[in-house]
Amino acid sequence: MLRAFARRMSSGSIIRIGTDDPRMSKIVMHRGVVYTSGQTAADAGDDITKQTEACLAKVDDLLAQAGTSKSRALNATIWLKDIGRDFKAMNAVWNAWVDPDAKPTRATVQAEMARPSILVEIQVTAALDDEQS
């Protein structure tokens, strides 16, 4: 299946995965780049550590579905509900998750979330392996 994606991508096609949501795709792939939708985890409880761990597990799953991994991450955007309260704890989880030899660029900002129970949202962009792009 990924070989078929790779052939289509080399022609400039746009591949969309996880399109059941009427608002967005979970993954979009184009010219060797994988764009993931923002991941939240309010169902993980009201603890920033647990929500961040759950978000990053979802990111790992999306990257795997696309045929890549965090070691190919290019960029990450992180939105925190309360950056003053949660930045340090979120960073501890991030630092344990990120590949120390392949750190992406990253921006972290405070933002009002879509639901009060969401403490963090994470979006990652990654490259496909060279043989897939």
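Which residues in α2 meet which residues in α3? The legends below take up this contact and its surroundings in a predicted model, in which local features need pLDDT of at least 70 and side-chain atom pairs count only at pLDDT 80 or more, while totals for chains, interfaces and linings use all residues. Residues are numbered from 1 along each chain as its sequence is written, and side-chain values use heavy atoms, with hydrogens and water left out.

**View 1. The contact of helix α2 with helix α3.** I48, T49, T52, E53, L56, V59 and D60 in α2 meet D86, A89, M90, V93, W94 and W97 in α3, where contact means heavy atoms within 4.5 Å. The residues of this contact divide into eight nonpolar, two polar and three charged, with Ala, Val, Leu, Ile, Met, Phe, Trp, Tyr, Cys and Pro counted as nonpolar, Asp, Glu, Lys and Arg as charged, and the others, Gly among them, as polar. Helix α2 spans residues 48–66 and helix α3 residues 83–97, and the two pack at an angle of about 35° with their axes 9 Å apart; axes are lines fitted to C-alpha atoms, for helices over the stretch in contact, and angles run from 0 to 180 degrees between N-to-C directions. Helices (H or I, at least four residues) and strands (E, at least two) are DSSP runs, numbered from the N terminus.

View 2. D86, M90, N91, V93, W94 and W97 of α3 are buried, that is, under 20% relative accessible area with a 1.4 Å probe and protein chains only. The cover of these buried residues includes α2, β4 (73–80), β5 (105–110) and β6 (120–127).

**View 3. A126 in strand β6.** A126, found in strand β6, is buried, with a relative accessible area of 0%. Not counting residues up to four places away in sequence, A126 touches G32, V33, V34, L63, T68, S69, R72, A73 and L74. One of these residues, V33, lies 93 residues from A126 along the chain, yet their C-alpha atoms are separated by 5.8 Å.

**View 4. The chain as a whole.** Three helices and six strands make up the chain's elements, and along the sequence they follow the pattern α-β-β-β-α-β-α-β-β. Of the 133 residues, 42% count as buried.

Definitions and conventions:
Buried means under 20% relative accessible area, exposed over 50%, partly exposed in between (1.4 Å probe, protein chains only).
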